[in-house]
Amino acid sequence: MAPKKSEKKADAGKVAKAVKSSVSRKVKKVRTRVRFYKPKTLIKARDPKYPKRSVESRGDKLDKYRVIQCPVTTESAMKKIEEINTLVFLVDIKATKPKIKEAIRQLYDVQCAKVNTLIRPDGRKKAYVHLTPDYDALDVANRIGII
């Protein structure tokens with residue numbers, strides 16, 4: 001079908017308007033600074049289609065049985081038990097003093113006054129657990145089988 005006269009007139013009017021107007025060229029942007037700053041673009045919030053990890057974490061990996069590895073039964077450790085009411089344990093390298101204190105309380109039902117730690121030259125961590133005066137380190141050592 002051929003276009004109608006009214007449509008032809010409209011098209012002709014558009015063409016005439018375009019011919020009469022001046023031709024505009026794209027203006028080059030004038031840069032006023034030496035440094036170019038990357039333009040800020042839209043940053044959308046993440047909307048993941050699947051979880052990054054396939055399974056959820058299995059809770060606390062440092063439980064009381066993993067924190068305390070074994071008691072130390074050397075002569076110097078025995079001397080500390082008898083004289084200054086202190087038990088000596090090998091503990092996990094990642095265990096902190098509060099975690100060691102809590103693990104001792106849960107495993108042996110005793111209150112710790114203070115915990116000192118050091119890392120031995122072989123890379124294992126040793127904890128000196130000072131018990132409160134109302135608990136005797138010798139009794140606790142007998143109960144857990146050190147002596």
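1. The model is a predicted one, and I begin with its largest pocket, whose lining comprises 4 nonpolar, 1 polar and 4 charged residues. The residues concerned are Lys29, Val30, Arg31, Thr32, Arg33, Val34, Arg35, Phe36 and Tyr37, and the volume of this pocket comes to about 180 Å³.

2. An open sheet is formed by 4 strands, with the order β1-β2-β4-β3 and antiparallel pairing. Since β1 and β3 (112-119) stand at the edges and have a single partner strand each, one side of each is left without a neighbour in the sheet. On average, and with direction ignored, neighbouring strands of this sheet are turned by 30° against each other.

3. As to the individual pairings, strand β1 (residues 68-71) is joined to β2 over 3 bridges, and Ile68 has Val91 of β2 as its bridge partner. Between β2 and strand β4 (residues 125-131) there are 6 bridges, with Leu87 standing opposite Val129 in β4. β3 and β4 pair over 7 bridges, and here Asn116 has Tyr128 of β4 as its bridge partner.

4. Strand β2 (residues 86-91) deserves a separate remark, as 6 of its 6 residues are buried. In a regular strand, side chains alternate between the two faces of the sheet. In β2, Thr86, Val88 and Leu90 point one way while Leu87, Phe89 and Val91 point the other way, and all are buried.

5. Helix α3 (residues 75-84) lies across β2 and β4, and runs at about 145° to β2. Helix α4 (residues 97-108) packs on the sheet, where it touches β1, β2, β3 and β4, and its direction makes about 125° with that of β3.

Note on methods:
Residues numbered from 1 in each chain as written. Predicted model: local features only at pLDDT ≥ 70, side-chain atom pairs only at ≥ 80, totals over all residues. Heavy atoms only, no water. 1 Å grid on protein atoms, 1.4 Å probe; cavity = no way out; pocket = protein on both sides within 12 Å on 5 of 7 lines; lining within 4 Å. Points joined across faces, edges and corners; volume = space filled by probe spheres on them. Nonpolar A, V, L, I, M, F, W, Y, C, P; charged D, E, K, R; others polar. Buried < 20%, exposed > 50% of the residue type's maximum accessible area, 1.4 Å probe, protein only. Helix = DSSP H or I, 4+ residues; strand = E, 2+ residues; numbered from the N terminus. Pairing = 2+ DSSP bridges. Axes fitted to C-alpha atoms, helices over the stretch in contact; angles between N-to-C directions. Contact = heavy atoms within 4.5 Å.
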